Amino acid sequence: MRIRFLSGILVLALALMALNAAPAALAQGGMMRTECKEDLTGKTITLHTFGDLSGPFAPITQPLAAGFADAIKYYNEKGGICGAKIALQQDDTAGRQEQTQSLYQRYRAFDPKPLMLLLYSSADAELLREQVAEDQIPVFLFAGSTIGLYGEKADKPGWIFAGIPLYTDQFGAFCRWLSKAWTTELGRSGKPKIGHLSWEGAFGRSTETPETTAYCAAQGVEVVGGEYFLPTATDVTAQINNLVKKGANVLFTTSLASGTALIARDLVTLGLEDEILLSGVNWVLDSSVGLLGQATLKPDGLPSTDNIYGILPYVWWDEQTEGIKLVQEQFTANQRPLTARGIAYLAGFGAVDTYIELITRTVNRVGFAKLSGAEVKKTFENFQYEALGGVFKYNFTETVRAQNQVRIGRLTYARGADGKPVVVEAGGRKLLVPVVVPVTKEFETAPDLKPGGADVVK
Amino acid sequence: MEIFGQPGFAVVQGLVAGVLTGGIYALIALGIVIINKASGVFNFAHGYMMLLGALIFWTFFQNQELTPVVAFALSGALLTILSTGIRYPAAWTRSGRVAFIAAAWATVGFILLQTDNLFLRALVGTALGAALVGLLIERLTIRPLIGQPLFATVMMTLVVGEVLLGVTQLTWGSVDRSLPIFATVNALGLPQAYPPIRIRDVLGGTVVIKTELLIAFGIAVAAFVGFVLFFRYTRLGLSMRATAENADLAQAVGLRVRAVLATAWAIASVLAALAATLYSSSTALSITMPGLALRVFPAVLLGGIESISGAFVGGIVIGVAEKLGTVYFGSDVGEQLIPFVVLMIVLIVRPSGLFGEERIERV
Amino acid sequence: MSANIRPSGVFDTSYAQEMRINRTRFDQILSAGFLGVILALPLLSRSGPFGIDLVQPGFLGTVERIAILMIAVQGLNLLVGYTGQITLGQAAFMAVGAYGTAILMRHGVTFWFALPIAALFTGLVGLIFGLPSLRVKGFYLAMATLAAQFIIPWLLRNPLAPLTNGASPLPVPRADLFGLEISGLPLYYLLIILSLLAMIAARNIIRTRTGRAFVSIRDNDVAAELLGINVFAYKLRAFFICAIYAGLAGGLMAIEARSLSPDRFDLRNSIELLAMLIVGGTGFPQAPIFGVSLLTILRETFIPSLTPSLQEWLPRLLPFVDSVNINAAIAPIIFGAVLIAFLIIEPRGLAYRWEILKISWKIRPFSH
Amino acid sequence: MNQPAAKLRVQNITLRFGGVTALNDVSFEVYQGEILALIGPNGAGKTSCINSISGFYRPQSGRIFLDGRDITNLPPHQRAKLGLSRTFQNIALYTNATTLDNLMAARHIHMRPSLIGEVIFWGMAQREEIKHRRVVEEIIDFLEMQAIRKSIVGKLGYGLRKRVELGRALALEPSVLLLDEPMAGMNVEEKEDMARFILDIHERRGVTIVLIEHDMGLVMDIAQRIVVLDFGRKIAEGTPQEIRTNQAVINAYLGQAG
């Protein structure tokens, strides 16, 4: 198995290099790590994380965990946190809330108390929001749950920080871009009308709030309604037909890879691939979507998942930066399968990098002896940092605790000099190589659409 | 043209999609019904057996490498099945049987090791692999509970599901996979799904039939016909029916109840793999698969928990109810509420299901 | 199913004495001791007054959840174990109790009213889903309750969304007693006491008229009807009581978790409650104590404490498997393997084993 | 004839299962305080008749009266409240409960319903328990079952289970007791015990008894009147002496040739 994965990755990497398919590298300096003021050699600092590793969100959390593991291995070789070794404490909740609760109570009681919790489920954050405030344990969350971060009325304790933009803000940013790009860049006529088509559940419904609908309307984008499907659905043609009947010409999805690929496939089935633009939150711009979507091709010969638009709040694998090079190197060295080459692995790697920076800065400020969750939170509340040399950009303040620098990206496939898609062979199968291209080159601040947020339309 | 206020073509589209999806539901239901028939146990592990079966198929279908160890193990499974499960014509001599087994073994080994026809290899490999899984489950977890309270056995199937989940995570991880089985190879050399069948101008619009779902439906129907014939005419099928009716009596007349039980599990496991593979080919092979089996429970009940034809009708009815419900009331009602409302209505009107047997009580 | 072997040397002088739950001194000491240990646990933890670090503070939360789930499983035991009606909807009934309590509290009703009102309301919902028991039995009835398991969360997610926050979490205010907030230790003791009362109440139901009617229905519903028991009415009563227990457990879960979401009450949870009952020993009064404790401690304490060392050692034993896959597989495989072993060794449940143990103790040194 | 008032009256009942007619226009009366035996060859409809009286089957036509009250449309549990009690051909005990609990369960209709009281089990509820426990203990003594008081009935032998079932039927304090083959499958000794119990019940408690039994000798000994069924029809009714010599009965038992 090893040899197969390895050869696949190598072929892929070679293909990418030879093609130079990626856009021009973003100008980035080297890795900007704060200098250590204190030498912590001989000590161990643990990174605490638990989440759904074996439940319904496992497709996205297992690559994330792979990212943690590889990053910790790599950074420990490079000196850890100011010489201190990074250890990982990780547990599986299987997506069960009781298990989250019990693991949290376990973690809370660790001696020393965790400096930070790394979580990756909206539901976990929502459950623990008040408890972590009581116990003074900050959380770094790789999900975009508005309620998790800000509570029901946006006034609740601020101990949770999100590594990706809130889903509501992502949707707002998409509306803003869509209204500008609709007739120009996208060359469409009429008005954009969005229909939500997402997974059932809190995650899938997180983008459809009164605030986002009003904001989009103010941007000239109408939200015509929402339809939902279960992760086990085989067919969403009925849902698509319903939304089309309501006038939707854009579908926005909040789902993971299999859900997005299913929608793309059914759009092609219904022959609507040219009429309807498919878009979604950051998870839809993932290699896994690009790989799954290849089974169905559009009449133009490209996979159904070609030209999905979405939020790209970080630098993608195809962009040439120092950070990406580093991640790619480690990815290859650890023989990760092609299917893991997505946002989750990147996020996992970036989270460890962020953790190191966070602890380093806190140690520099208060000294190792006084290191505590409360101090880490203070560092977080004034945290300007570009993780992995710019792959993730954080600009946290006391009131803005979610990453909010976004770009719009497009999922497509690598093409050769002749303009034709390139076919590579990996693991014994022929594949097109999914790439994500930023449509807007510059990062912009996403609108603030949490209840009572700055950009909420009154 | 409208039907009750909805565009006619959308209704027809919903109907078609419902029937085709229902075919896969029916196949899943069939697996659950067969185990229930043989042992009276409702199998909660079926969803996990599906996941495992589809992953086995994926392994054979997508990868060219296969260690001889796996091939050997699977042909060993065949050997076991042949030498214990099936009785050969009595006229065969001992050497004839040995030759037969050896030939079967060699053929399977050859198929499993060759890589030119991945589909055939995957078919044979999955059938054997899934059967082996079923046999192992039965032997290691179900058989020790023979004679114990039924509850314990039902519980055991739940636990087996948990272990199977762990095994799939350990071996395959959790990434979503694509499994394009019903596909041609396009100009780029990529597998490509057959284009959908479009029927234009049906009640004011175009109705689309997904080819892979249609093929899956065809296979499901074929499987059903096969099983109905199997239970009606083959010796093994008849003995399974007899055992289901009254295990003690079956034992008394010389049927091998344990062998029948093992066969039921092997068959159900193969059916689970088949259903899961067909399902995956129409969407993706995802770890959410076990959830699909839960959605099929209403179909099983609707048809009657011991009825094979009931499983088929139940699957189709639930599939159609879901899709038409979505067309008329939106997906949150159609897919999440309607199947269970239908279930409640059936239970109130006809408690034993559409095809279940009503039993007369005696004192 | 009381043991038919009586300890020698124990004589009852009145029927009242014979009917006691703890009839012998040994039983009394055992129960009192067990309860004492549970009540003393917080004092032995780091957060307790003596600063002793014998009990992990996280374990107290586990005991709280055991206490809550014991109530739900005891309800299930009355319905499934004693009346013989299967339900797959217990978690949905818990959801009704939990959301009912939370919604009432959010509208200013004090916890002490909200809980019983919500529990009673849950009882009524249970009655509705018990109606099919008029005509259907066994697994078909289970499926009617399966419908409850899907319809109730659907109602919570969709039409009731203005009250429940839909699929999003619903924050629950803190319970208070005369202005004093109930959290930490008081919450712990509240949960233990209520759980204990619920156990005693169930035990009392079991040993009196209603309980005997339940058992009659389970063992022979035809005979029960012909001998004067209104079978349907008593089935409904069983559903009602079972749902009240579920509602009670749900309401307590609401104030323990402080945040509710429909996902917490899905079919998986219902099935797991049944699993706890079966592991505990269906139809034994002690089943909830054994079953809930075993499964919860296994999942919440045993597996997490094994995980770090397994995460370290397994990748070395299985170098060809990705360590991430190993981490994801640890919990389900251990959980499953332990239960498989358990089911094969004692398929009738821990309480059954316990009875056998007690009998063999009484008649020692003879084995029969 | 100067007969006492009819305790139980079966009037023209007809019972069909699909195409099979189990009872065809059967009528008879059971008088207060007598032992009536219901006999007939296998499949004659005896058990169907008992089942119809106790309410398990609903006849398509005909009426049934208890103490002059029409009970045809009452559900079985209400008939039990009016004083009908029965045993079953294939013992139908609560197999996983003890003898004591089986008998206590039959006290159901005599106990005051109070769920709240039971939950608390204090004061009245407890006194109520003890009161009925005394009644049950009397029956246990009467039927000589002291040794098996706390045994799970599922583990008892056949003869004892029959006795427990009789005890359970008695614990209901019935005015009419329907016994469906109480002595089937017993040895001579057990049969004698059972016959003694039945006679005792009849004499000491004044219970009206309807009995199905195959053992003609016994029937002739203990029954005061006999009703004979054949193929769902009543073919004879009368004292043991009359039945013994009735040609129709002889034909039914020995076949038409006789």
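This is a predicted model: local features need pLDDT of at least 70, side-chain atom pairs count only at pLDDT 80 or more; totals for chains, interfaces and linings use all residues.
Student: How many aromatic pairs does the structure hold?

Tutor: Over all chains there are 52. Rings of Phe, Tyr and Trp (its six-membered ring) pair if their centres lie within 6.5 Å; planes under 30 degrees apart are stacked, over 60 edge-to-face, and the rest tilted.

Student: What is the pair of B:Tyr328 and B:Phe329 called, and why?

Tutor: Their ring centres are 6.5 Å apart and their planes stand at 50°, so the pair is tilted.

Student: And why is the pair of C:Phe111 and C:Trp112 called edge-to-face?

Tutor: The planes are at 75°, with the centres 5.2 Å apart, so the pair falls in that class.

Student: Is C:Phe111 buried or exposed?

Tutor: Buried means under 20% relative accessible area, exposed over 50%, and partly exposed in between (1.4 Å probe, protein chains only). C:Phe111 has 1%, so it is buried. C:Trp112, at 34%, is partly exposed. In chain B, B:Tyr328 at 27% is partly exposed, and B:Phe329 at 55% is exposed.

Student: What makes α1(B) and α11(B) roughly perpendicular?

Tutor: The axes of α1 (residues 8-39) and α11 (residues 289-303) of chain B come within 9 Å and cross at roughly 80°. Angles of 65 to 115 degrees count as roughly perpendicular (under 35 is roughly parallel, over 145 roughly antiparallel, the rest oblique). The two helices are therefore roughly perpendicular to each other.

Student: Which residues of α1(B) make the contact?

Tutor: B:Tyr25, B:Ile28, B:Ala29, B:Ile32 and B:Val33 do so, facing residues of α11(B) that include B:Leu292 and B:Arg295. Contact means heavy atoms within 4.5 Å.

Student: How do you know which strands stand at the edges of the chain D sheet?

Tutor: The open sheet of four strands runs β2-β1-β4-β5, with antiparallel pairing. Strands pair if DSSP finds at least two bridges between them. β2 (20-31) and β5 (69-70) each have a single partner strand, so one side of each lacks a neighbour in the sheet.

Methods: Residues are numbered from 1 along each chain as its sequence is written. Chains are lettered from A and ligands numbered from 1 in the order in which they are written. Side-chain values use heavy atoms; hydrogens and water are left out. Axes are lines fitted to C-alpha atoms, for helices over the stretch in contact, and angles run from 0 to 180 degrees between N-to-C directions.
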